[in-house]
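Biologist: Could you show me how to read a structure like this one, step by step?

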Amino acid sequence: MSHLQQEHGYSQRRACQLTGCNRNSARHISKRPDDGPLRCALRELAQEKPAWGYRLLHGRLRLEGWEFNHKKAYRLYREEKLVLRNKSKKRLKCEKRGATEAATRPRQRWSLDFIHDRLADGRSFRTLNLTDTFTRQCLAQEVDTSLSGQRVTRVLDRAIDEYSRPEELQLDNRPEFRSQALDVWAYENKVKLIFIDPGKPTQNGHIESFNGRFRAECLDQEWFGSLQQAKRIIEAWRISYNSQRPHSSLGYLPPDLWTKNYYQQQKNLML
């Protein structure tokens, strides 16, 4: 035995004596196989099946040829923190959240929001406003005492028939916008839903600015005797807003005229 081996052995014996550790345990070399490939397979399957617990994951992997017991499955499941992963929500994968970059073309992003007012008899009504954040056009204003998520999708369908389909919809977290009807509609029409953060209306500043103009120039100026009268006056205001009212961010051109000029410029660039 070499001097180094003797010194190592003495150091090991001395350490075991001091710590009370069995020398056989100190000399034991683990024969546990490399779990890297198994961990990878477990993570991939857990991502594919987020509602499955470790027992279902274990059973599926055994069917695929992996040999390990349920105790090892549970240990790896805990070590990989798969038990802490978020449960799948009953929503289709067609949304994101937060602030976004400015739109750079028509139909890239539409914005939706509600605004409230009252009739002369005190009854409350709502207006659903839909705008294009690039052209500043008001694409629709739906007026009624109640507007459900299903009603929102019908308004969007009519706007698409006239203006073509947008890529994104930016909206807040109202129940009508969080409804299953709008979620399914967005998924089927391949439209991304962008929800602003709670309490951050400035993330949807274009529609908030529009709402301010609409209230100051229409709602605060009119006295609506009936719901039908409110619908007529608001629609007339929308047409005037698009075709006649100068917009400061569009070089003081009305949105319809500015949009027409934009398309003409794009056409000239392609010639």
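Modeller: We will go through a helix pair, the nonpolar cores and some backbone angles.
This is a predicted model, in which local features need pLDDT of at least 70, side-chain atom pairs count only at pLDDT 80 or more, and totals for chains, interfaces and linings use all residues. Residues are numbered from 1 along each chain as its sequence is written, and side-chain values use heavy atoms, with hydrogens and water left out.

Biologist: At what angle do helix α8 and helix α9 pack?

Modeller: Helices (H or I, at least four residues) and strands (E, at least two) are DSSP runs, numbered from the N terminus. Axes are lines fitted to C-alpha atoms, for helices over the stretch in contact, and angles run from 0 to 180 degrees between N-to-C directions. Here α8 (residues 205-219) and α9 (residues 227-243) pack at about 120°, their axes being 11 Å apart. That makes α8 oblique to α9, where angles under 35 degrees count as roughly parallel, over 145 as roughly antiparallel, 65 to 115 as roughly perpendicular and the rest as oblique.

Biologist: Which residues of α8 and α9 meet?

Modeller: Contact means heavy atoms within 4.5 Å. From α8, F210, R213, F214, E217, C218 and L219 meet I233, I234, W237 and Y241 of α9. Eight of the residues in this contact are nonpolar, none polar and two charged, if Ala, Val, Leu, Ile, Met, Phe, Trp, Tyr, Cys and Pro count as nonpolar, Asp, Glu, Lys and Arg as charged, and the others, Gly among them, as polar.

Biologist: Which residues touch the most other members of the largest nonpolar core?

Modeller: A nonpolar core is a set of buried Ala, Val, Leu, Ile, Met, Phe, Trp, Tyr and Cys residues joined through side-chain atoms within 4.5 Å; buried means under 20% relative accessible area, exposed over 50%, and partly exposed in between (1.4 Å probe, protein chains only). In the largest core, of 23 residues, W110, L112, L156, L169 and F177 touch the most other members. Its largest share, six residues, comes from α6. Leaving aside neighbours within four places in sequence, L156 is in contact with W110, L112, L130, L169, L182 and W185. A second, separate core of 16 residues includes C138, F224, I234 and W237.

Biologist: Where is K190 found, and is K190 buried or exposed?

Modeller: K190 is found in the loop between α7 (180-189) and β6 (192-195), and counts as exposed at 67% relative accessibility. Its phi is positive, about 55°, although K190 is not a glycine.
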